[in-house]
Amino acid sequence: MSVPPTFGLRIPPCRSATEVAECVHRAETAGFDIAWLPDSQFIWRDVWATLAMAATTTSTIKLGTCVTNFETRHPSVTAAAAATLDELAPGRVILGVGTGDSSIKPLGLKPTRLGHMRDHLETTRALLAGEAVAYDGRSMRLDAPPNGDVPIYLAANAPKALALAGELCDGVIFLAGFRPELLEATLGRVSAGAMCGGRSLAELDVCVGTICHVTDDSREAAQLVRPYVVAMAQTGGADALRKAGIEIDPPRVVAGIYPDLSHAKDWDAASRAAEGWVDDETALRFADAYCLIGPADACVERLRVAAKAGATSFYVRHVSSYTLPDDVLQAFGADVIPRFREGE
């Protein structure tokens with residue numbers, strides 16, 4: 001019998017560490033398997049300190065970064081942080097990494113290049129395994145590596161990054177949507193990478209990331225996702241948008257939105273600004289292809305389609321970066337997830 005898909009909830013550290021830890025506890029009680037906390041120093045509290053607090057208030061839910069990066073967090077620093085968290089929550093830590101976004105752009109830094117990502121992943125893996133790594137001619141190791149494995153996940157969407165995740169990582173987190181043909185194309189790239197690493201796709205956790213909101217109001221759905229359509233076009237997602245029949249060419253930066261469209265502090269203002277490129281029809285086309293937005297039964301059906309296509313876990317999130325995800329926690333924890341699991 002196949003293992004049923006797991007569910008992770010994005011919980012931004014947007015309130016005090018105590019309040020965020022309480023939200024992680026609520027997610028655990030509601031049946032979520034993973035609490036994913038993002039890392040961005042100008043937007044949120046420190047991710048590792050907040051995860052440490054969450055470790056003391058929970059007992060079963062896994063605790064992951066989704067995602068941190070190797071530009072503001074050196075691989076050795078990241079490995080030490082993950083090892084320390086594993087002392088507080090043994091066997092419950094997941095290290096999710098990516099190339100960097102809102103944490104590095106305001107500093108004028110560039111996203112991690114693929115070759116450097118490979119090196120950083122291999123270095124971090126070695127340090128977490130208690131192995132020595134050479135730095136400036138010296139052999140260095142963590143004094144207190146974890147007793148067990150800390151799985152490493154890579155957030156990836158580009159073909160070469162997906163292959164790298166398949167080759168080196170324990171899991172991959174991606175935005176591929178819920179159409180079988182889109183998922184199959186993405187999984188094919190991950191599988192090819194896994195074969196290069198001498199293993200199969202079945203050895204990885206395949207995590208589909210998505211924006212979630214249960215509603216019967218199509219205009220509300222359009223208003224929620226409109227900024228993401230523009231943001232996706234701004235950050236190299238033009239090809240993915242074309243697969244959903246969307247062609248837009250927005251500027252690199254939309255003026256007046258802080259800090260950017262996908263993390264806008266004023267979501268209504270971001271949605272109004274995005275109207276210049278994304279009308280309601282286009283927004284709904286995006287929601288249909290890439291999101292879990294709509295009536296609960298429609299969300300359940302999309303989850304089943306994705307699981308059948310090969311998804312082994314789901315990373316669900318609400319649109320706001322400045323509020324805790326209690327709406328998604330309630331709607332999915334009390335309704336969507338139980339209904340999905342009943343039909344397995």
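Start with Glu19 and Arg15, whose side chains form a salt bridge with N and O 3.1 Å apart. A salt bridge here is a side-chain nitrogen of Lys or Arg within 4 Å of a carboxyl oxygen of Asp or Glu. Before going on, note that this is a predicted model, where local features need pLDDT of at least 70 and side-chain atom pairs count only at pLDDT 80 or more, while totals for chains, interfaces and linings use all residues. Residues are numbered from 1 along each chain as its sequence is written, and side-chain values use heavy atoms, with hydrogens and water left out.

Glu19 is partly exposed at 28%, and Arg15 is partly exposed at 39%.

Next, Arg73 and Asp46. The closest N and O atoms of this salt bridge are 2.9 Å apart. Arg73 sits in the loop between β4 (68–69) and α3 (75–88), and Asp46 in the loop between β2 (34–37) and α2 (47–57), so the pair ties together parts that are 27 residues apart in sequence. Helices (H or I, at least four residues) and strands (E, at least two) are DSSP runs, numbered from the N terminus. Arg73 is buried, with a relative accessible area of 16%, whereas Asp46 is partly exposed at 35%.

Arg285 and Glu281 both lie in α10 (residues 280–290), 4 residues apart, about one turn of the helix. Their side chains meet in a salt bridge, 3.1 Å from N to O. Arg285 is partly exposed at 26%, and Glu281 is exposed at 54%. How many salt bridges does the structure hold? The number is 17.

Asp216, Asp217, Glu220, Asp297 and Glu301 form a negative surface patch. Patches are made of residues with over 30% relative accessible area and no salt bridge; like charges are joined within 9 Å, and nonpolar side chains (Val, Leu, Ile, Met, Phe, Trp, Tyr) within 5 Å. Asp and Glu count as negative, Lys and Arg as positive, and His and the chain ends are not counted. The place of a charge is NZ of Lys, CZ of Arg, CG of Asp or CD of Glu. Glu301, one of the patch residues, is in helix α11 (residues 296–309) and is partly exposed at 42%.

Notes. Areas by Shrake-Rupley, 256 points an atom, 1.4 Å probe, with all protein chains shown as cover. Buried < 20%, exposed > 50% of the residue type's maximum accessible area, 1.4 Å probe, protein only.
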